[in-house]
Amino acid sequence: MVKDKIIAMLAESTDTDASEITLDTQFSDLGIDSLDMTEMAMDLEDEFSIEFTPSPEINTVGKLIEAVEKLIEG
């Protein structure tokens, strides 16, 4: 559920087909910069009721999904 929702959010915000986004897709490949990531963090917080802080280590879709899942689990 988290994976599908995050991929859908990324696809919508970058005008990319969701089928082209994989766990290994880097944010730079989607044209996402640090400002976009800050906006995405706010969207993730609203969607999943978490507090998310972007970091340079979270640079792929898979790492983002993993980080969000950990925050949801508490």
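H3 runs for 13 residues and covers 18 Å from its first C-alpha to its last, close to the 18 Å expected at 1.5 Å a residue. The model in hand is a predicted one. Buried positions in H3 are Val-61, Gly-62, Leu-64, Ile-65, Ala-67 and Val-68, and the cover over them includes H1 and H2. Just past the end of H3 sits Gly-74, with a positive phi of about 85 degrees.

In soluble globular proteins, nonpolar side chains tend to be buried together. Here, the largest nonpolar core has 23 residues, and the ones with the most contacts inside it are Ile-6, Leu-10, Phe-27, Leu-44, Phe-52, Leu-64 and Val-68. Helices H1 (2-14), H2 (34-48) and H3 (61-73) are the elements that each give two or more residues to this core. H1 puts in the largest share, with six residues. As for Phe-27, once neighbours within four places in sequence are set aside, its contacts are Leu-10, Ile-32, Met-37, Ile-58, Asn-59, Thr-60, Val-61 and Leu-64. Two of these names, Leu-10 and Leu-64, also turn up among the core residues with the most contacts.

Next come the loops. Thr-25 has its place in the loop between H1 and H2. Thr-25 has a relative accessible area of 10%, which is under the 20% cut-off, so this residue counts as buried. Its side chain gets to within 2.8 Å of a backbone atom, namely the nitrogen of Thr-22. Leaving out residues up to four places away in sequence, Thr-25 touches Glu-20, Leu-30, Asn-59, Thr-60 and Val-61. Of these, Val-61 is one of the buried residues of H3, while Asn-59, Thr-60 and Val-61 are also listed as contacts of Phe-27.

The loop between H2 and H3 holds Pro-54. With a relative accessible area of 34%, Pro-54 lies between the 20% and 50% cut-offs and is therefore partly exposed. Not counting residues up to four places away in sequence, Pro-54 touches Met-37, Thr-38 and Ala-41. Met-37 is a contact of Phe-27 as well. Pro-54 and Ile-7 are separated by 47 residues in sequence, and their C-alpha atoms lie 17 Å apart in space.

Technical notes:
Residues are numbered from 1 along each chain as its sequence is written. This is a predicted model: local features need pLDDT of at least 70, side-chain atom pairs count only at pLDDT 80 or more; totals for chains, interfaces and linings use all residues. Side-chain values use heavy atoms; hydrogens and water are left out. A nonpolar core is a set of buried Ala, Val, Leu, Ile, Met, Phe, Trp, Tyr and Cys residues joined through side-chain atoms within 4.5 Å. Buried means under 20% relative accessible area, exposed over 50%, partly exposed in between (1.4 Å probe, protein chains only). Helices (H or I, at least four residues) and strands (E, at least two) are DSSP runs, numbered from the N terminus. Contact means heavy atoms within 4.5 Å. The expected span of a helix is 1.5 Å times one less than its number of residues. A polar contact is a pair of N or O atoms within 3.5 Å; within protein, one must be able to donate a hydrogen and the other to accept it, and residues adjacent in sequence count only if both atoms are side-chain atoms.
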